[in-house]
Amino acid sequence: MLALSHYGASNHEERTALIIALEVVGFMRSSKCTQNKARGGSSGKLASLLLLLASLLESPASIVTAFRHNSCSRTVRPQFQFPDCYLPDLNPDILLSEASFLLSHDAATGYLRAGQPNPWGQVITFYGKNQVGDAYQQLDDGARALDLRPKLLANGTMIYHHGDVNIPVPMERLTEDVVRWCADNPTELVLLLHSELGYEDDSTVYDDNGDLLAIDAIQSVYDNVNVPYVRCGDVYGLTVGEVMEMAALSSGGLALALDGHDQYASFCGKSNWIESQVVTCYPYGMNSTVRCTNGRGSVPMQMLKEYILVSANNEATDDSGTLGPPADLEAHPFNEIQALWQISAKSAATGLAHLSSLLEDNRRSHVNAEMVDMIWDGEFSQISLFAIDNVHLNGNAILSVLRNTCGQSDIEACGKDVAKPKMTYLHYGSIGAWLLATAIGSLVLWRGSVEWRKRIQERGVAGLGEDFMEGCGGVMT
């Protein structure tokens, strides 16, 4: 390509707009040779290019700071709706409670590795691991908020947990990964959302002065890495821009940790988790053919869609037993939409018997791709925290449609005016790599399933499932 200065582009804004214009020209030239192929997709891409160009030319200041994925690779690029993995900045003038964030559900489980000690061995890796990769990877995959469950050990160390399963990663390590990503991506706001604070020893809840030892320990960690740690009410009524000022890091970037600063580090949002109504991948147990992996039109998928639509679109209420957004935004600035398969005793046992796992259920059901369609179609009245498992799969596509929802950014190209992103259906860059990983995983699962089936025969699904969930601290959220 000729140097951009050849075209008279003299500053960053002009160069960026010109890059888009040149892409439009190149696309139009190439489309003449392929005008009989995929007309619908071509027109959608061209429309997106032109809309983005118009928005940038009208508001050149926005392109100085807008996010571009650092590794805009061949596999990542299609998940973004604009060229060059472009993502407009959050509108700084909207309230934080009105901004949309992709929430990595049980983010610390990304650090779980096969062979790490836990009460149920590899079983936890199969149905207790919700994410792939460390915090840096999850943010790179599209997450902008992390669901974290801290735990205070008897020696004063802060780690994380998933139910009764310890995740042996120090809070310092995960937070440093976040800070490193923020420094590399300084325009994106990241939220660290605590809940379900655990204790190895109940005698370590309070010190001699009645202060909460765990909250002090959490504060100490964040002080060491210069991440602001605030109460839920501290962001009440604030705009995104005001919160960004609060979240500014000395090392560059924007990150803010929040909880209720109480004995449980209470979540700053309404979770919309009702045990009697949650949707699992295998709602009818071992002997039923009804499962989420039957396809995007499966019965569980329809049940999940109904559950999350009610969570977002119902009238506001603070009743924890009723789905819907919160009414008291000072106590609960966020509304969580749990767009994922929940885990129960029966569903975990059934999944293992079918040689599956939580991540595999997510992949085979295409649930994340379904969420992209729902958001792009405008089915939600408002989205605050959109929680998913396996953010590694189509997380950037979900982030893109969230950010390009009208009102979330300050560019005019938004909603259905922007072509829907393309989803991927494999974690890996090649079929060969996937087949190799599948073969290895199947071998491990097969060996484990032989023993698992024996135990099912001995105790039955119900009894074995109860033991499993008891080891995990009950129904896994």
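How many aromatic pairs does the count come to? In this predicted model, the count comes to three aromatic pairs. A pair of aromatic rings is described by the distance of the centres and the angle of the planes. For Y222 and Y229, the ring centres lie 5.4 Å apart and the planes meet at 45 degrees, so this pair is tilted. Both Y222 and Y229 are buried. For F380 and F386, the centres are 5.7 Å apart and the planes stand at 80 degrees, so the arrangement is edge-to-face. F380 and F386 are likewise buried.

The protein as a whole contains 14 helices and 14 strands. Of its 477 residues, 53% count as buried. Contacts between residues at least 6 apart in sequence were also examined, and 74% of them join residues at least 24 apart. The accessible surface comes to about 20300 Å², and carbon and sulfur atoms account for 52% of this area.

When residues up to four places away in sequence are not counted, V178 touches A135, L139, L146, V190, L192 and A255.

A255 belongs to strand β11, in which A255, A257 and D259 point one way, while L254, L256 and L258 point the other way. Strand β11 spans residues 254–259, and six of its six residues are buried, so the strand is largely enclosed by the rest of the structure. Strands of a sheet pair through backbone hydrogen bonds, either parallel or antiparallel. Strand β8 (residues 189–194) runs parallel to β11 and is joined to it by five bridges. Within this pairing, L193 has L258 of β11 as its bridge partner. Strand β10 (residues 229–231) also pairs with β11 in the parallel sense, over three bridges. Here the partner of R231 in β11 is D259.

A further group of four strands forms an open sheet in the order β7-β6-β5-β9, with mixed pairing. Its edge strands are β7 (165–167) and β9 (198–199), each of which pairs on one side only. Strand β6 (residues 158–162) and β7 run antiparallel and are joined by three bridges. One of the residues involved is H162, whose bridge partner in β7 is V165. Helix α6 (residues 171–184) packs on this sheet, where it touches β5 (150–152) and β6, and its direction makes about 90 degrees with that of β6. Helix α7 (residues 213–225) packs on the sheet as well, touching β5, β6 and β9, and its direction makes about 115 degrees with that of β5.

Helix α13 provides a further example of an enclosed element. Nine of the nine residues of α13 are buried, so the helix is largely enclosed by the rest of the structure. These buried residues are G395, N396, A397, I398, L399, S400, V401, L402 and R403. They pack against β2 (86–87), β3 (101–104), α5 (135–140), α12 (367–376) and β14.

The loop between β14 (385–388) and α13 (395–403) contains N394. Most residues other than glycine have a negative phi, and most peptide bonds are trans. The phi of N394, however, is positive, near 70 degrees. N394 has a relative accessible area of 1%, so this residue is buried. A positive phi, of about 55 degrees, is also found at L355, which is not a glycine. L355 lies in the loop between α10 (345–353) and α11 (358–365). With a relative accessible area of 36%, L355 is partly exposed.

Another loop residue, E379, lies between α12 and β14. E379 is partly exposed, with a relative accessible area of 30%. E379 and L309 are separated by 70 residues in sequence, yet their C-alpha atoms are 7.5 Å apart in space. With neighbours within four places in sequence left aside, the contacts of E379 are L309, N313 and M374.

Definitions and conventions: Residues numbered from 1 in each chain as written. Predicted model: local features only at pLDDT ≥ 70, side-chain atom pairs only at ≥ 80, totals over all residues. Heavy atoms only, no water. Helix = DSSP H or I, 4+ residues; strand = E, 2+ residues; numbered from the N terminus. Buried < 20%, exposed > 50% of the residue type's maximum accessible area, 1.4 Å probe, protein only. Contact = heavy atoms within 4.5 Å. Pairing = 2+ DSSP bridges. Axes fitted to C-alpha atoms, helices over the stretch in contact; angles between N-to-C directions. Phe/Tyr/Trp six-rings, centres within 6.5 Å; stacked < 30°, edge-to-face > 60°. Areas by Shrake-Rupley, 256 points an atom, 1.4 Å probe, with all protein chains shown as cover.
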